[in-house]
Amino acid sequence: MNIAGWVVLITAIAGVAGTGLGGVVGAVFRKDSSKVVSLLLSFAAGVMLAVVCFDLIPESLSVEYNGGTVPFWVTVLGVAGGYAIVHILNYFIDRNTNKEVKHVSEENHPKTADALDELIHSDHLLEHEKEGSKSQLFIAGIVMALAIALHNMPEGMVIGASYADNPADILAGSGFILALIIGLHNIPEGMAVSVPLIAGGMNKIKAVLITAATGIPTVIGAVIGFYLGQFSPIGLAVSLSLASGAMLYVVLGELLPEAFLMFKSKLPALFVLIGLILGLILVQI
């Protein structure tokens, strides 16, 4: 199998299997798992930070071009652009999912994910059932599935860009590390899709399959990132910097806020450090 085939296969496992696993967890949801999810998110955030700061951005800055390196501003604009793209996609997700509960006033609706049931948008399931509004919840699940499918594409670009930079390291380089971490990050996202679908009356198996399908755009993003990175030195620098910006938003705008809000303790910070150190070690090996 050539490198492009490996990129597709590994990204499919991270994207489709990661969200699918989240769908399975959502189908057998337990509310007492907030602390475990918080620590997993913290650990993932630490590893991502290490890979972005010690591998992706330095590689983008050092790409050879016309006897020197790619201009510094290409990386700066790429990082800013990657961050902005994921921010816009997340704005779309939040704008639509915050309105899924029609009988809860805007000022009382939770704005932060400080509990696992809020993180996966199941915090008012009982009220929905009392009001007989399962159809609204079902629609919310469909909207969430579409939004997360779009959200997964730039995450796939991260994996593809990393493999474009180090095509020889199929199972050991930063691309593989990021695939594992993104797969872990996709578990709560999969829960965000399956919980409202199941609560809205959908069969559990069908809900899990739809949830897994939201990971398919991750593969599309990986292919784009990989071939953009192989197109030219400028393309590689842009691909790596866009991937870095996307991951920085995921870490700073999603993983860390969710982790610290869900488990108000010093332990999430410790797990960030553990992930950061492990990520640095893996990058240097």
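Let me start with a term: a residue is buried under 20% relative accessible area, exposed over 50%, and partly exposed in between, using a 1.4 Å probe and protein chains only. On that scale, 52% of the 285 residues of this protein count as buried.

A word on the source. This is a predicted model, where local features need pLDDT of at least 70, side-chain atom pairs count only at pLDDT 80 or more, and totals for chains, interfaces and linings use all residues. Residues are numbered from 1 along each chain as its sequence is written, and side-chain values use heavy atoms, leaving out hydrogens and water.

Now the layout. The protein has 11 helices and two strands. These are DSSP runs numbered from the N terminus: H or I, at least four residues, for helices, and E, at least two, for strands. The order is α-α-β-β-α-α-α-α-α-α-α-α-α.

Next, aromatic rings. Rings of Phe, Tyr and Trp (its six-membered ring) pair if their centres lie within 6.5 Å; planes under 30 degrees apart are stacked, over 60 edge-to-face, the rest tilted. How many aromatic pairs does that rule give? The count is two.

Take Tyr83 and Tyr249. Their ring centres are 5.0 Å apart and their planes sit at 75 degrees, so this pair is edge-to-face. Tyr83 lies in helix α3 (residues 72-97) and Tyr249 in helix α10 (residues 233-262), 166 residues apart. Tyr83 is partly exposed at 34%; Tyr249 is buried at 10%.

Then Phe226 and Tyr227. With centres 5.2 Å apart and planes at 80 degrees, this pair is edge-to-face. Phe226 is buried, at 3%. Tyr227 is partly exposed, at 47%.
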